[in-house]
Amino acid sequence: MNRDRMLATFRKLVSIDSPSFGERKMADELTGRLKELGFTVSEDKAGEYYGGTAGNLYAFRRGSLPGEPLLFSAHMDTVEPSRGKEAVIHEDGRITSKGDTVLGADCMSGVTALLEALRELEEEKAELPSLEILLFIGEEKHLKGSAVFDYSKIKSRESYILDLSGPVGTAANQAPTLVDFQITVQGRAAHAGFAPEKGVHAIGIAARALSRLELGRVGQDMTVNIGHIEGGEKATNIVPAHCCLLGEIRSYSHEKALAQMEKIRRIFEEEACEAGGSCQVNFTVPVHAYRVPETRPCVIRFRKVCERLGLSGDLLPTFGGSDQSNLSCHGIEGLVLASAMEQVHSCGEYTTIQEMETLTKLVKLLICEQR
């Protein structure tokens, strides 16, 4: 393995500013690298759809082996704070940022491993299957890029997403439905000192409704959270006429998540009606639940490769989202691979040289493993 080349690639990629919907420089860099590896690369209109600077990238390279292509995917955007990222390589092999930004191992450690594996296989002149690569924008904004991709282009029915924390050699085969919701409670303003009885207290309605909700872990396979509340005026002498709440529901059961949303809607409507106010409930479902059985080809291939490398091959459920959710909705089964990234979405994010090398070996063998 060419460690110096792998590290140079990683340092270059994380140095590129690539916030969600500002992925232009990253898209250009990766397009150039994939073309050098013999891929045909196209870019869709997702950036225009969201008012961003770049679209999703789809790359294809025909192989010498028969059969449908094998698909690998990652995302190009990075959470904030990300401007001016710089990889710092420590003597013990740990790689961090300078401390004032995220590192960007999410998702560039996986992209680096994929590029290095492809380079090594090219140098070895290996017989390979046809390959498809999807690099999405806006993943950190609830999978926005993969939500609008044209999946009729995809020939593979088997995918590997390079976008999970944890030790390399583990993978997620199950993820939840995520429901995002906004509740707007409308009351009636009045002077809180002279005529409070003429008002309808919107914050009070919200408080009574909240007292009836189960928050946190609800049962074994669901979480409910209200993450933001705002309302009223910047004055203490006005009965607040409005209150807005933002929240989410996650569940491994799509049906349970939607049923919980309806329960929350009903509670808020009841409390608003009782007090003489009203409420509006809006929700979206950006992430859909899926589970890949252990008997599926993508799992069998993954575990064979892990056994050869002495890795665990453990499968686990995750309560996080990834682009695999949207792939699954279009009939493409896959695993989300642990990809040499830890403490993601924080300035304490890190990776290690050893884990990146192991990930590169894993990706390389996944490409080569006969189906």
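Colleague: What volume does the largest cavity have?

Modeller: First, a word on the model. It is predicted, so local features need pLDDT of at least 70 and side-chain atom pairs count only at pLDDT 80 or more, while totals for chains, interfaces and linings use all residues. Residues are numbered from 1 along each chain as its sequence is written, and side-chain values use heavy atoms, with hydrogens and water left out.

Now the idea: rolling a probe the size of a water molecule over the atoms shows where empty space is left. On a 1 Å grid over the protein atoms alone, a cavity is a set of points where a 1.4 Å probe fits but cannot get out; a pocket is an open set with protein on both sides within 12 Å along at least five of seven lines; lining residues have an atom within 4 Å of a point. Points are joined across faces, edges and corners, and a volume is the space filled by probe spheres set on them. Here the largest cavity has about 40 Å³.

Colleague: Which residues line the largest cavity?

Modeller: Its lining is made of Leu30, Leu34, Val111, Leu114, Leu115, Ile133 and Leu135. Helix 2 (24-36), helix 4 (105-123) and strand 6 (131-136) each give two or more residues. Helices (H or I, at least four residues) and strands (E, at least two) are DSSP runs, numbered from the N terminus.

Colleague: How much space lies in the largest pocket?

Modeller: About 380 Å³. Of its 24 lining residues, Glu139, Gly320, Gly321, Ser322 and His345 lie nearest the centre.

Colleague: And charged pairs: how many salt bridges does the structure hold?

Modeller: Side chains of opposite charge can pair when their charged atoms come close. A salt bridge is a side-chain nitrogen of Lys or Arg within 4 Å of a carboxyl oxygen of Asp or Glu. This structure holds 24. One of them joins Glu158 and Arg301, at 3.2 Å from N to O. That pair links distant parts of the chain, strand 7 (residues 158-164) and helix 8 (residues 297-309), 143 residues apart.

Colleague: Is Glu158 buried or exposed?

Modeller: Buried means under 20% relative accessible area, exposed over 50%, and partly exposed in between (1.4 Å probe, protein chains only). Glu158 is buried at 5%, and Arg301 is buried at 4%.

Colleague: Which residue forms a salt bridge with Arg266?

Modeller: Glu270 does, with the closest N and O atoms 3.4 Å apart. Glu270 is partly exposed at 35%, and Arg266 is partly exposed at 39%.
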